[in-house]
Amino acid sequence: MTQSPEQPLYRYKQHQIHGAWELKNYNVEIQTTGELFAPMGEQPSGYVIFTAEGRLSFTLSAQGRQAPTSPGDHAKLLQSFIAYTGTYRLEDNRWITDVDVAWNPEWVGTQQIRFFQIEGELLTVQTPWRVMPNWPDKGLTRSIVTFQRCPAPEATGDQSAVQG
């Protein structure tokens with residue numbers, strides 16, 4: 001594979017962050033008060049996936065989302081979901097994503113910076129302080145997110161799940 005300036009060699013080296021991680025906890029801290037709140041409920045769901053090729057996919061869904069029954073319900077669904085993807089690079093304890101697709105068009109073309117720490121099978125993530133489009137009335141906030149590494153599928157004689 002030919003390297004380009006946008007895809008340096010280190011993106012392809014093995015790193016412990018590579019793989020799929022399942023959401024375990026999601027809280028937001030308000031800078032002015034130190035208050036923590038769970039904007040997506042006590043049991044949100046989601047995943048972050050890092051490929052060795054330098055692509056990230058992040059999806060977070062609020063607890064109890066329901067199918068919409070009105071245009072107003074459709075609008076509310078935007079507030080209960082976060083999703084983006086793009087290429088990423090690692091710099092010390094940060095990953096930086098160049099977003100090319102997002103649930104909120106304001107994020108497309110931006111760089112999203114996350115600070116991370118891996119301890120065993122847990123990935124703890126913090127965002128920088130920022131005004132989040134889902135709750136701008138809170139002012140500057142930062143997300144504090146914990147993921148657990150997804151286990152590898154059990155080895156069986158049936159390869160249909162892997163082969164599609």
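Is Thr 85 buried or exposed? Thr 85 is buried, at a relative accessible area of 17%. Buried here means under 20% relative accessible area, exposed over 50%, and partly exposed in between, with a 1.4 Å probe and protein chains only.

**Before you start**

This is a predicted model: local features need pLDDT of at least 70, side-chain atom pairs count only at pLDDT 80 or more, and totals for chains, interfaces and linings use all residues. Residues are numbered from 1 along each chain as its sequence is written, and side-chain values use heavy atoms, with hydrogens and water left out.

**Whole chain**

Colour by secondary structure. The protein chain has 2 helices and 10 strands. Helices (H or I, at least four residues) and strands (E, at least two) are DSSP runs, numbered from the N terminus. The order from the N terminus is β-β-β-β-α-β-β-β-β-β-β-α. Buried residues account for 34% of the 164 residues. Now show the surface. The accessible area is about 9800 Å², and carbon and sulfur atoms hold 53% of that. Areas come from the Shrake-Rupley method with a 1.4 Å probe; for residues, only the protein chains shown count as cover.

**Stop 1: Thr 85 and Leu 56**

Select Thr 85, in strand S5. The side chain of Thr 85 reaches the backbone oxygen of Leu 56 at 2.5 Å. That is a polar contact: a pair of N or O atoms within 3.5 Å, where within protein one must be able to donate a hydrogen and the other to accept it, and residues adjacent in sequence count only if both atoms are side-chain atoms. Beyond four places in sequence, Thr 85 has contacts (heavy atoms within 4.5 Å) that include Arg 55, Ser 57, Thr 97 and Val 101.

Move to Leu 56, in strand S4. Leu 56 is buried, with a relative accessible area of 0%. Its contacts beyond four places in sequence include Val 48, Phe 50, Tyr 84, Tyr 88 and Trp 95.

**Stop 2: aromatic rings**

Rings of Phe, Tyr and Trp (its six-membered ring) pair if their centres lie within 6.5 Å; planes under 30 degrees apart are stacked, over 60 edge-to-face, and the rest tilted. This rule gives 8 aromatic pairs. Select Phe 50 and Tyr 88. They pair edge-to-face, 5.2 Å centre to centre and 80° between the planes. Phe 50 sits in strand S3 and Tyr 88 in strand S5, 38 residues apart. Phe 50 is buried at 2% relative accessibility, and Tyr 88 is buried at 3%.

Next, select Phe 58, Tyr 84, Trp 103, Trp 107 and Phe 147. They form one aromatic cluster. Stay on Phe 147: beyond four places in sequence, this residue touches Trp 21, Leu 23, Tyr 47, Phe 58 and Leu 123, among others.

**Stop 3: the nonpolar core**

A nonpolar core is a set of buried Ala, Val, Leu, Ile, Met, Phe, Trp, Tyr and Cys residues joined through side-chain atoms within 4.5 Å. The largest one has 32 residues; Ile 17, Tyr 26, Phe 50, Ile 82, Trp 95, Leu 123 and Phe 147 touch the most other members. Elements giving two or more residues to this core include strand S1 (19-30), strand S5 (81-91) and strand S10 (140-149).

**Last stop: strand S2**

Select Leu 36, in strand S2 (residues 36-37). Beyond four places in sequence, Leu 36 is in contact with Asn 27, Val 28, Glu 29 and Ile 144.
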